[in-house]
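Colleague: Could we go through this model together? I would like to begin with the charged pairs and then turn to the rest of the chain.

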Amino acid sequence: MIITIKYPCKYRLSFAQNYVFSSDKCFNSKTNREIKQVYNNGSIGFNICGKFYSLKKLKPYLEKIPTKEKLPF
């Protein structure tokens, strides 16, 4: 039995573009896994590339996922 759930992702991180965000969840698009929200030293955030980033620090790095991207060739 296989169950699939689709989450429309609208945003990604500018410094790590394989991390995408839906309305309330974070996913790694390379491994197709959900990144859990972590509580660390009184702040809430995510572990991205092995380093903790609070939600306040991640907000300036969010960018909308473009519908069309320029290809190098």
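**Salt bridges, core and surface**

Modeller: K25 forms a salt bridge with E34, and their closest N and O atoms are 3.4 Å apart. A salt bridge here is a side-chain nitrogen of Lys or Arg within 4 Å of a carboxyl oxygen of Asp or Glu. This is a predicted model, in which local features need pLDDT of at least 70 and side-chain atom pairs count only at pLDDT 80 or more, while totals for chains, interfaces and linings use all residues. Residues are numbered from 1 along each chain as its sequence is written, and side-chain values use heavy atoms, with hydrogens and water left out.

Colleague: Is K25 buried, exposed or partly exposed?

Modeller: K25 is partly exposed, at 24% relative accessibility. E34 also counts as partly exposed, at 44%. Buried means under 20% relative accessible area, exposed means over 50%, and partly exposed lies in between (1.4 Å probe, protein chains only).

Colleague: How many salt bridges are there in the whole structure?

Modeller: The search finds two. In the other pair, R12 bridges to E63, with the closest N and O atoms 2.9 Å apart. R12 lies in strand 1 and E63 in strand 8 (residues 62-64), so the pair ties together parts that are 51 residues apart in sequence. Strands (E, at least two residues) and helices (H or I, at least four) are DSSP runs numbered from the N terminus.

Colleague: And how accessible is R12?

Modeller: R12 is buried, with a relative accessible area of 11%.

Colleague: What does R12 touch, leaving out residues up to four places away in sequence?

Modeller: R12 touches Q17, Y19, V20, Y61, L62, E63, I65, P66 and E69. Contact means heavy atoms within 4.5 Å.

Colleague: Changing topic, which residues make up the largest nonpolar core?

Modeller: That core has 10 residues: L13, A16, Y19, F21, C26, I35, F46, I48, Y53 and L58. Strand 2 (19-21) and strand 6 (43-48) are the elements that give two or more residues to this core. A nonpolar core is a set of buried Ala, Val, Leu, Ile, Met, Phe, Trp, Tyr and Cys residues joined through side-chain atoms within 4.5 Å.

Colleague: What is Y53 in contact with, its neighbours within four places aside?

Modeller: Y53 is in contact with F15, G45, F46, I48 and L58.

Colleague: What about the surface: which residues form a nonpolar patch there?

Modeller: M1, I3, I5 and Y7 form one, with about 550 Å² of accessible area together. Patches are made of residues with over 30% relative accessible area and no salt bridge; like charges are joined within 9 Å, and nonpolar side chains (Val, Leu, Ile, Met, Phe, Trp, Tyr) within 5 Å. Areas come from the Shrake-Rupley method with a 1.4 Å probe, and for residues only the protein chains shown count as cover.

Colleague: Where do M1 and Y7 lie?

Modeller: M1 lies in the segment before strand 1, and Y7 lies in the segment before strand 1 (11-13) as well. M1 is exposed, with a relative accessible area of 95%, whereas Y7 is partly exposed at 35%. From M1 to P66 the C-alpha distance is 34 Å, across 65 residues of sequence.

Colleague: Finally, what pattern does the chain follow?

Modeller: Along the sequence the pattern is β-β-β-β-β-β-β-α-β, with one helix and eight strands. Of the 73 residues, 25% count as buried.
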